[in-house]
Amino acid sequence: MGSLNIENVKKAFGPVEVLKGINLEVNDGEFVVFVGPSGCGKSTLLRVIAGLEDSTSGRVVIDGADVSATPPAKRGIAMVFQTYALYPHLTVKNNMGLGLKQAGTPAAEIERRIGIASSMLSLEPYLGRRPAELSGGQRQRVAIGRAVVREPKLFLFDEPLSNLDAALRVNTRLEIAQLHRRLKATMIYVTHDQVEAMTLADKIVVLNAGRIEQIGGPMELYNSPANEFVAGFIGSPK
Ligand code: ADP
Ligand code: MG
């Protein structure tokens with residue numbers, strides 16, 4: 001489970017329409033990448049999908065249920081941000097387990113899930129450390145681990161690698177790809193990096209000024225961009 005329907009979603013902030021009618025279907029288990037220039041509405045769209053922001057019109061349906069009508073704890077969505085958003089005073093283990101603890105998950109179950117996630121993300125040596133004692137890449141792995149332990153059906157990543165240097169970006173990208181293969185969860189991933197989009201995506205969605213320019217597989221967009229804009233972002237120049 002983890003299929004998604006975005007139906008004519010529009011979002012305005014005051015007089016400014018940021019999303020101008022987004023329609024998209026995401027299949028269960030798919031890895032979908034949103035690309036587009038800064039300010040085109042990628043983060044806003046992710047926030048609307050997560051139900052963190054109401055759309056002005058249209059709706060987001062996950063496994064048949066309208067997101068805005070589902071309580072946050074029941075949505076089965078976990079989001080990973082560019083800035084990690086870890087608690088500085090908590091250890092890695094407690095950062096990963098806090099959400100589960102607050103949701104009333106039994107301690108033994110929290111332990112079990114942290115064990116699995118920390119093994120997948122090679123975080124076992126760091127479970128007792130605090131975020132300040134970790135590198136940027138390790139911190140982002142903790143933020144990803146915190147999402148994994150919640151066992152969501154839908155992961156949302158908002159430019160998760162942007163704050164990392166080039167070598168770490170490659171490693172963390174490979175880890176995310178491996179995670180997708182293992183968990184078989186649906187993932188939506190925002191980036192403005194063409195290599196990330198081409199290597200991670202089953203399906204790429206090219207956004208521009210609040211609209212979708214093209215949706216397609218990486219090679220499809222690369223070989224047959226619908227227009228100059230898509231060509232400039234993904235494709236080989238015509
Ligand atoms: P992206 O993630 O593609 O860079 P965003 O979704 O963050 O773009 O922003 C799209 C547009 O919406 C930008 O012009 C931004 O200034 C505007 N915007 C985003 N959030 C708000 C907000 N809470 N209030 C007003 N304007 C916003
Ligand atoms: Mg953004």
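By class, three nonpolar, six polar and one charged residues make up the shell around ligand 1; here Ala, Val, Leu, Ile, Met, Phe, Trp, Tyr, Cys and Pro count as nonpolar, Asp, Glu, Lys and Arg as charged, and the others, Gly among them, as polar. The structure is a predicted model, in which local features need pLDDT of at least 70 and side-chain atom pairs count only at pLDDT 80 or more, while totals for chains, interfaces and linings use all residues. Residues are numbered from 1 along each chain as its sequence is written, and chains are lettered from A and ligands numbered from 1 in the order in which they are written. The pLDDT, the predictor's confidence in each residue from 0 to 100, averages 94 over the chain, and 98% of the residues score at least 70. For the complex, the predictor gives an ipTM of 0.98 and a pTM of 0.95.

The shell around ligand 1 consists of Phe13, Val18, Gly36, Ser38, Gly39, Cys40, Gly41, Lys42, Ser43 and Thr44; a residue is taken as near a molecule or strand if its C-beta atom, placed from the backbone, lies within 6 Å of it. Helix 1 (residues 42-50) gives the most to this shell, with three residues. Helices (H or I, at least four residues) and strands (E, at least two) are DSSP runs, numbered from the N terminus.

Six strands form an open sheet with mixed pairing, in the order 6-7-8-3-9-10. Strand 6 (77-81) and strand 10 (211-216) stand at the edges with a single partner strand each, so one side of each is left without a neighbour in the sheet. Two strands pair if DSSP finds at least two bridges between them. Within this sheet, strand 7 (residues 154-158) and strand 8 (residues 186-190) run parallel and are paired over five bridges. Asp158 has Val190 in strand 8 as its bridge partner.

Strand 4 (residues 57-62) is joined to strand 5 by two bridges in the antiparallel sense, and Ile62 has Ala65 in strand 5 as its bridge partner.

Helix 4 is mostly covered, with 11 of its 13 residues buried, that is, with 20 or more other C-beta atoms within 10 Å of their own, C-beta atoms being placed from the backbone. Among them are Arg139, Val142, Ile144 and Val148.

Definitions and conventions: Buried ≥ 20, exposed ≤ 12 C-beta atoms within 10 Å, placed from the backbone.
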